[in-house]
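Q: Could you take me through this structure one feature at a time, giving the general idea before the particular case?

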Amino acid sequence: MSRMIQEFLEKTTNKVIPKKQSKQKAGLSNKADRTIKYCENCSYCWEPEYNATRQKSKCMILYYKDFPNYKKPREECPKCVNLRKRNTKIS
Ligand SMILES: [Zn+2]
């Protein structure tokens, strides 16, 4: 009987394997930093926020005012792109 318990304990303890998550977390933060872009049109840094909805089509855009933009890639933000599209359609 005691042998059975020992076997049971060995099986259950083997299942609990600690996962190494410190490396993954660091990679995610670096990736998030790289997605931030700078819009020269409205002088805002912006980035798409996929985590909020988990759907690309419904992604939110986060805006950062007074964000250090010296290393950020220049790209027009979706708000300015939409405004320009609307303006060109009317005129
Ligand atoms: Zn903009």
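Q: Which residues does Glu49 touch, not counting residues up to four places away in sequence?

A: Two residues are in contact if their C-beta atoms, placed from the backbone, lie within 7 Å. Leaving aside residues up to four places away in sequence, Glu49 touches Cys59, Met60, Ile61 and Leu62. The C-alpha atoms of Glu49 and Cys59 are separated by 5.7 Å, although these residues stand 10 apart along the chain.

Q: What kind of model is this, and how are its residues numbered?

A: This is a predicted model, in which local features need pLDDT of at least 70 and side-chain atom pairs count only at pLDDT 80 or more, while totals for chains, interfaces and linings use all residues. Residues are numbered from 1 along each chain as its sequence is written.

Q: Is Glu49 buried, exposed or partly exposed, and why?

A: A residue is buried if 20 or more other C-beta atoms lie within 10 Å of its own, exposed if 12 or fewer, and partly exposed in between, with C-beta atoms placed from the backbone. Glu49 counts as partly exposed because it has 13 C-beta neighbours inside 10 Å. For the protein chain, buried residues make up 7% of the 91 residues.

Q: In which strand does Glu49 lie, and how do the elements run from the N terminus on?

A: Helices (H or I, at least four residues) and strands (E, at least two) are DSSP runs, numbered from the N terminus. Glu49 lies in strand β2, and the elements of the protein chain run α-α-β-β-β-α.

Q: How is the sheet put together, and in what order do its strands come?

A: Two strands pair if DSSP finds at least two bridges between them. Here three strands form an open sheet in the order β1-β2-β3, with antiparallel pairing. The edge strands, each pairing on one side only, are β1 and β3 (60–64). Between β2 and β3 the antiparallel pairing extends over five bridges, and Ile61 in β3 is the bridge partner of Pro48.

Q: Which residues make up the largest nonpolar core?

A: A nonpolar core is a set of buried Ala, Val, Leu, Ile, Met, Phe, Trp, Tyr and Cys residues joined through C-beta atoms within 7 Å. The largest one has five residues, namely Tyr38, Cys39, Tyr44, Trp46 and Cys77. The elements giving two or more residues to this core are β1 (37–39) and β2 (44–49). Tyr38, a member of this core, touches Cys45, Asn69, Lys72 and Arg74, again not counting residues up to four places away in sequence.
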